[in-house]
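Here is a short briefing to read alongside the model. Please keep the structure open while you go through the points.

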Amino acid sequence: MKKLEELMEWGGIKRDIVFLIISGAALLLSILQIRPFPFDMAWIAILFCGIPILMEAFIGLVTEFDIKADVLVSIALIASVIIGEDFAAGEVAFIMQLGALLEDLTVERARAGIERLVHLTPRTARRILDGAEEIIPAEKVCIGEILRVLPGEAVPVDGVILSGETSVDQAVMTGESLPVDKGPGDTVSSGTVNQFGAFEMRAEKVGEDSSIQRMISLVRSADAGKAKIVRIADRWATWIVVIALSAAALTGLVTGEVIRAVTILVVFCPCALVLATPTAIMAAIGNAAKHGFLVREGDALERLAAVRNIAFDKTGTLTCGRPHVAAVESALEYVTDRQLYTYTARTELPSEHPLGKAVVRCYREGYCGKGENSLDTAEYPGKEAVLFPPERFHMLPGRGVEAVVDGKTVLAGNPELMSGKGVSLNNTIKEKAEQYLKDGCTVIYVALDKEAAGFIALSDTLRQDAAQTIGEVKTSGAYPILLTGDHENAAKHIAEELHISEVRAGCLPEDKLQWIEEQQETGSPVCMIGDGINDAPALKKAYVGIAMGKMGSDIAVDAADIALVNDDIRELPHLLRLSKKMMLTIKLNLTFSMTLNFAAILLAITGILNPVAGALVHNAGSVLVIINSAMLLGWKKRKK
């Protein structure tokens with residue numbers, strides 16, 4: 001049986017296309033009664049298109065006793081051949097294989113995501129043993145061993161920092177856009193990247209228990225447990241087979257005419273029924289492509305129409321994923337906000353820290369924040385300004401930077417840097433900074449000559465059309481949820497701006513996966529929209545996963561059912577409406593095809609239709625179904 005299945009897969013889609021082209025040409029010659037060979041040319045279509053159908057039906061019946069639409073088609077094929085209606089048999093086989101090809105084209109799947117995730121797993125570790133350093137395979141690290149991680153290296157296993165201070169890029173696990181400062185006593189996860197200072201750590205979780213390995217397992221289990229949509233024609237196939245065989249048998253017995261019985265089998269052959277779904281899906285996929293969506297799973301739009309909960313990741317999905325200066329606050333009378341900004345930008349100019357780079361970038365771009373505390377852009381030098389490097393520069397990993405600018409010693413960093421250098425932050429600075437911290441901002445404190453001078457607040461900015469998109473998502477009947485690995489303050493601030501009532505913050509990959517599982521177990525299918533590696537398990541597990549294709553990681557895109565190629569989330573409401581329109585089209589196609597079949601069966605019972613005429617009737621039904629589906633290609637809901 002396994003060999004038969006392998007035989008059927010031989011050649012794949014390319015083979016099917018070639019067979020359909022040859023079969024179509026053969027049927028045309030059969031209609032024109034051109035016989036270059038001593039047999040009806042329809043036999044070529046019967047052999048090329050009919051045999052795979054017969055084998056599929058046979059395998060389904062024998063191995064699983066599974067009655068699908070192929071069983072009824074096989075019966076119609078065999079009956080037509082027995083009574084000598086070769087064209088009817090060839091035409092039925094051709095139409096059915098055309099429908100199967102359309103389905104194959106829409107359900108091809110990519111599995112590269114798990115492989116990419118595996119490549120992220122650190123291969124080696126620096127083990128410290130008796131004061132000496134040795135490089136060993138990461139999988140051989142044991143719990144309790146001491147490891148050293150240098151700048152730029154990935155953390156090999158989960159553990160706790162024993163000595164050293166640094167900043168760690170945790171985007172692979174949490175999706176946070178900014179690195180996190182780490183020091184002795186802080187935990188680090190495998191797969192995250194050490195940005196600056198070297199540190200020593202004690203291994204706590206190794207092998208399959210490490211964070212990156214757990215994420216790989218989550219993606220695999222989510223993929224294995226994801227329910228598949230069953231083709232509607234196959235769901236109804238058992239009843240169709242029973243009705244068709246009963247009608248044919250009764251007609252044959254009552255009338256005594258075998259030809260009428262065979263005609264019933266031919267006209268009841270579910271060609272239009274089989275084409276109803278894949279043609280609509282193909283047209284909808286074409287429509288989605290015009291609006292920037294790459295649909296990677298054939299039934300993704302069918303599933304999307306049933307979704308009521310849409311979970312959004314924050315960083316890189318609803319926000320731009322890059323920190324911007326939100327405000328500059330000077331606490332010294334003799335230093336203006338703009339002067340403080342300039343001092344800080346020059347201090348951060350040699351820095352490799354993402355926050356320092358953000359300050360320099362925003363200064364050069366003329367981005368000065370917004371609101372009451374924003375700088376006066378009329379006075380701002382903008383892109384024409386020249387930033388001169390500091391006279392001296394020193395980086396303090398995990399704390400900030402120290403530099404000399406125009407003879408002044410400038411400190412820019414976190415509260416630990418200030419206290420370590422003997423700088424006292426007064427209550428006024430702390431209270432103002434706290435307001436920004438509550439809104440999810442990151443604060444860089446600044447000191448001039450060991451005197452607290454103020455701070456610069458940075459935040460991730462919302463995408464320009466995020467609020468409008470969320471509003472239209474609600475209008476379409478879906479319920480938005482914010483599901484993010486970012487801090488609670490930042491998540492709540494974004495949710496308030498977008499009027500999202502439900503927020504889940506501080507989520508690790510397994511937390512997102514668990515929440516989606518809980519929702520779907522209660523009968524609430526979830527659509528997950530994300531962009532990071534940490535979103536991959538959730539994207540795979542969700543009823544529908546949509547990844548940001550431009551800014552998102554390759555792993556997230558591979559795990560998703562749909563990729564938004566240009567990251568323009570304004571098109572998301574159109575995709576939701578398109579999925580519902582597609583399902584409406586499918587239902588119309590099914591209703592029409594079943595109505596036509598029952599009408600044709602009545603005509604066959606009375607003898608008005610013969611097998612050839614019956615084949616042409618249901619062929620016309622198939623064409624009308626295709627035309628109706630094709631109208632989805634250019635569909636777009638008109639705005640009121």
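A residue is called buried when its relative accessible area is under 20%, exposed when over 50%, and partly exposed in between, using a 1.4 Å probe and protein chains only. By that rule, Arg399 is partly exposed at 30% relative accessibility. This is a predicted model, in which local features need pLDDT of at least 70, side-chain atom pairs count only at pLDDT 80 or more, and totals for chains, interfaces and linings use all residues. Residues are numbered from 1 along each chain as its sequence is written, and side-chain values use heavy atoms, with hydrogens and water left out.

**The chain as a whole**

- The secondary structure comes to 25 helices and 22 strands; these are DSSP runs numbered from the N terminus, with helices (H or I) of at least four residues and strands (E) of at least two.
- Of the 640 residues in the chain, 52% are buried.
- The accessible surface of the chain is about 28,700 Å², and carbon and sulfur atoms hold 57% of that area; accessible areas come from the Shrake-Rupley method with a 1.4 Å probe, and for residues only the protein chains shown count as cover.
- Among contacts with a separation of 6 or more, 69% join residues 24 or more positions apart, where contact means heavy atoms within 4.5 Å.

**Salt bridges**

- The chain has 19 salt bridges, each defined as a side-chain nitrogen of Lys or Arg within 4 Å of a carboxyl oxygen of Asp or Glu.
- Side chains of opposite charge can pair when their charged atoms come close.
- Arg399 and Glu165 form a salt bridge with an N to O distance of 3.1 Å. Arg399 sits in the loop between strand S13 (392–396) and strand S14 (400–405), and Glu165 in the loop between strand S4 (158–163) and strand S5 (166–169), so the pair ties together parts that are 234 residues apart in sequence. Glu165 is partly exposed, with 30% relative accessibility.
- Asp561 and Arg303 form another salt bridge, their closest N and O atoms being 3.3 Å apart. Asp561 lies in the loop between H23 and S22 and Arg303 in helix H13 (residues 300–304), so this pair ties together parts that are 258 residues apart in sequence. Both Asp561 and Arg303 are buried.
- Arg346 pairs with Glu391 in a salt bridge whose closest N and O atoms are 3.9 Å apart. Because Arg346 lies in helix H15 and Glu391 in the loop between H16 and S13, the pair ties together parts that are 45 residues apart in sequence. Arg346 is buried at 10% relative accessible area, whereas Glu391 is partly exposed at 46%.
- A network of salt bridges links Arg126, Glu133, Arg148, Glu153 and Glu200.

- Helix H15 (residues 337–348) has twelve residues and spans 16 Å from its first C-alpha to its last, close to the 16 Å expected; the expected span is 1.5 Å times one less than the number of residues.
- Buried residues in H15 include Leu340, Tyr341, Tyr343 and Arg346.
- Ser351 lies in the loop between H15 and helix H16 (354–365) and is buried, with a relative accessible area of 3%.
- Ser351 touches Gly356, Lys357, Phe393, Met395 and Val401, leaving aside residues up to four places away in sequence.
- A polar atom of the Ser351 side chain lies 3.1 Å from the backbone nitrogen of His353.
- His353 is in the loop between H15 and H16 and counts as buried at 12% relative accessibility.
- Not counting residues up to four places away in sequence, His353 touches Ser167, Pro179, Asp181, Phe196 and Met395.

**Around Ala560**

- Ala560 is in the loop between helix H23 (554–559) and strand S22 (562–564), and is buried with a relative accessible area of 1%.
- Ala560 and Arg296 are 264 residues apart in sequence, yet their C-alpha atoms are 7.7 Å apart in space.
- Ala560 touches Arg296, Leu539, Gly545, Ile546 and Ala547, with residues up to four places away in sequence not counted.

**A nonpolar surface patch**

- Leu28, Ile31, Leu32 and Ile34 make a nonpolar surface patch of about 390 Å². Patches are made of residues with over 30% relative accessible area and no salt bridge, joining like charges within 9 Å and nonpolar side chains (Val, Leu, Ile, Met, Phe, Trp, Tyr) within 5 Å.
- Ile31 belongs to helix H2 (residues 12–31) and is exposed, with a relative accessible area of 52%.

Note on methods. A polar contact is a pair of N or O atoms within 3.5 Å; within protein, one must be able to donate a hydrogen and the other to accept it, and residues adjacent in sequence count only if both atoms are side-chain atoms.
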